[in-house]
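Student: I have a structure open and would like to learn how to read it, feature by feature. Where do we begin?

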Amino acid sequence: MLGLRGMSADSLRALLGSTGRMLAHASYPGDVLETLAGRTVATVFFENSTRTRGSFTLAAQRLGAGVVDFSNANSTAKGESLADTVRTVSAMGVDAIVVRSSRSGASICAAAATQVPVLNGGDGCHEHPTQGLLDAFTLCEAIGRLDGFDLSGVRVAIVGDVLHSRVARSGAAALQSLGATVELVGPGPLVPESMGALLNDAGSIERDFDAAIGRADAVMMLRVQFERGAAVASTYRERYALTRERALRLREGAVVMHPGPMNVGMEIDAEVADGSGLARGARSLVLRQVAVGVAVRMAALEWCLGGVGACRP
Amino acid sequence: MPHHASPAIPLLIKGGRLIDPATGTDATLDVAIGADGRVDAIGPDLPELPDGRTIDASGLIVAPGLIDPHVHLREPGGEHKETIRSGTAAALAGGFTTVCCMPNTTPALDSPRVLADLAERCQRTAQCRVYPVAAGSIGRKGEQPAPIQALAAGGAVGISDDGDAIADPALMAHVLAQTAKANLAFMQHCQDPTITVGSSMHDGEVSTRLGLVGWPRHAEEVIIERDIALVEQTGCSYHVQHISSAGSVELVRAARARGLPVTAEASPHHLMLTHEACEGFNTLAKMNPPLREQSDVESIRQAVVEGVITVLATDHAPHAKHEKEQPFEDAPFGIIGLETALPLYAEALVHTGLIDWPRLIALLTVEPARLCRLERLGLGQLALGGPADITLIDADHRWTFEESQVAGRSANSPFLGRTMVGRAVASIVAGAERMDRLVAAR
């Protein structure tokens, strides 16, 4: 599972359906499935990660699989290439490899080096497919679209540093494939016109967050990734943060999402993130996203290992 | 620079279509080559040579040996990618009898001592003629000027920091003045390093989808624009390497129209491919400068037609498999080019009807010879008494480029598996057949 762009809507819906079945198990550690008993999942994280690695680990454990972690292995510091690290891990006899890297396309590079199924745990600014899936599931669940996972007529605003966001790339691909209309919202440097390449004909780029918020059924906030070179103007928070005041303009029943990690007080206010400051039935899904994440990764691991279908879309 | 010498026997090349753009020749003519490796006679129906060999060239193009003015041989310092021996074998396989090697070796070609070492290596192992392009700055660092007069005296046929532009305008002005004084051309790798920090492919829809930092056209154009102003000051011959954007073409066109000594080269990949080739993080399509859009390809092709671009050059850049299998951002730039250049040029320019074979041969012989000051050695043309460097071309030969047949040490090419039309079938250096697939081709 390397990316959601180009994955068929049928495959997406199969994975989301599987996520629903996993969800009951995902919340209760004692209730372990035996689907992947005796199998081993390797996590190879070349970039720091807390929730994604933990989420994949829990997911594997709840399917009965063993987990071995090669993260922060100092082989690369000794000059070993990503491809050789993956070959080395494969040679030890693992059944799946979850790769996280700061390099766009690293998971594709890893998959080319091994016969073992590779799951992309986030590669640079390219894709983060399990995050895209969990965002789609969480949204469907919140607005009552679990039956068929059809997001037709739903408008989603993705706001902030879209340029550097693998979450936005995977999310836009999945949401549009399921029928949603996506608006990318942010200043020119973070949402350049070329980002139109991520959108279908219905999608659009919007500079005015206040205009977009009045139309959106869901608002997905993104952190500004200063570590990847993003720079913002002093007016950024004023124009593009989901402040408590701006959140009052959310449509009735609209939902707020954030893939984390959040910079509370920067792109989102605390009362918005925890939902306490929201009105008119608007809800925050931030913690629900995290919970769903484990179930999504169970579904993804079973998809890659359980013979449900080919790993690579 | 002398190539690896070998004894020649008299050779008669009979019945071919002799194309020599230097003299405007395009006719069925025979070429007789003496045991001294020089052209003895050119004419119709020449008699067989006693104690000599005859090549039946009917149906073939007989051209002056092809010259590639932009090749990376990697030796010294990068022998796991290519050596002088393997790189010159690749040249011969592609029909090139002369290559000009770029200075980005380790150490860089920035002193007469390093040039002398290179000459000695070539004497031992080069399979074709090799002439060095020397660095414009010490270590190609863009800080201190290299001793350009001494480098010219030591055999340099051009000056370049290829792989990097000389970004400092004051240093560039000094280097251009020194290069002009040495009567050489400065060959610029046009890339403003401050614009391309972290960039690995063309700035456009594909880079956006893949999440890669874009490399805008103006990273090339601002350097060309600045350099043209410096050329006006210094009068130095200035050559734009591997031109990649339509805007760059316009700048060169305008400079030439004003009578400035500005030339430009096009590479096979910039004539054939777009950024779409990078889809799927294909590192075999990672180039510097990057592959751009179809409109750029069309502009570059049109510039060849109009004579704005006068030289074709491969930028042959071998890299080992393990280097190219890294994530896209970490993989090195460049592809091999020598063995596929001729059919790709033909596909882009001749099969499309844009130019004819005589013009293509000119872009590969007399024009690069002029750029690299090789005319004075009689290269790039077939003159009586001149060196008998000859390439025989079967313009109709259909073949598929397979990794197993790569003559060089590296096989980093996006054209692997591609079926092409047209191929060099023999490469003759100083009268000696150094590459011959005449039997196989017929």
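Tutor: We begin with the radius of gyration, which is taken over C-alpha atoms and can be set against a globule rule of 2.2 Å times the number of residues to the power 0.38. Keep in mind that this is a predicted model.

Student: What radius of gyration does chain A have, and what would a compact globule have?

Tutor: For 313 residues, a compact globule would come out near 20 Å; chain A has 19 Å, so the value agrees with the rule. Along the principal axes, the C-alpha atoms of chain A fill a box of roughly 55 × 40 × 35 Å.

Student: And what does the rule give for chain B?

Tutor: Chain B has 442 residues, for which a compact globule would have a radius near 22 Å; the chain has 21 Å, which agrees. The C-alpha trace of chain B spans about 65 × 45 × 45 Å along its principal axes.

Student: What do the contacts say about sequence separation in chain A and chain B?

Tutor: Take contacts between residues at least 6 apart in sequence: in chain A, 74% of them join residues at least 24 apart. In chain B, residues 24 or more positions apart account for 75% of the contacts with a separation of 6 or more.

Student: Which residues show this in chain B, and is B:V71 buried or exposed?

Tutor: B:V71 sits in strand β8, residues 66-71. Its relative accessible area is 0%, so B:V71 is buried. Beyond the neighbours within four places in sequence, B:V71 is in contact with several residues, including B:V99, B:C101, B:T314 and B:L338.

Student: Where does B:K324 lie, and is this lysine buried or exposed?

Tutor: B:K324 lies in helix α10, residues 321-324. With a relative accessible area of 6%, B:K324 falls under the 20% cut-off and is therefore buried. Leaving out neighbours within four places in sequence, the contacts of B:K324 include B:T283, B:H319, B:F333 and B:N412.

Student: How are the charges placed in each chain?

Tutor: One way to read them is to compare the mean position of the positive charges with that of the negative charges. In chain A, with 30 positive and 31 negative charges, these mean positions are 2 Å apart. In chain B, with 36 positive and 54 negative charges, the mean positions are 3 Å apart.

Student: How many residues are in contact where chain B meets chain A, and what area is buried there?

Tutor: 15 residues of chain B are in contact with 18 residues of chain A. The area buried between the chains is about 1,300 Å², and carbon and sulfur atoms give 58% of it. On the chain B side, B:T208, B:R209 and B:E325 lose the most area to chain A, together 40% of what that side buries.

Notes. Residues are numbered from 1 along each chain as its sequence is written. Chains are lettered from A and ligands numbered from 1 in the order in which they are written. This is a predicted model: local features need pLDDT of at least 70, side-chain atom pairs count only at pLDDT 80 or more; totals for chains, interfaces and linings use all residues. Side-chain values use heavy atoms; hydrogens and water are left out. Contact means heavy atoms within 4.5 Å. Lys and Arg count as positive and Asp and Glu as negative; His and the chain ends are not counted. The place of a charge is taken as NZ of Lys, CZ of Arg, CG of Asp or CD of Glu. Buried area is the accessible area (1.4 Å probe) that two parts lose on being put together, summed over both. Helices (H or I, at least four residues) and strands (E, at least two) are DSSP runs, numbered from the N terminus. Buried means under 20% relative accessible area, exposed over 50%, partly exposed in between (1.4 Å probe, protein chains only).
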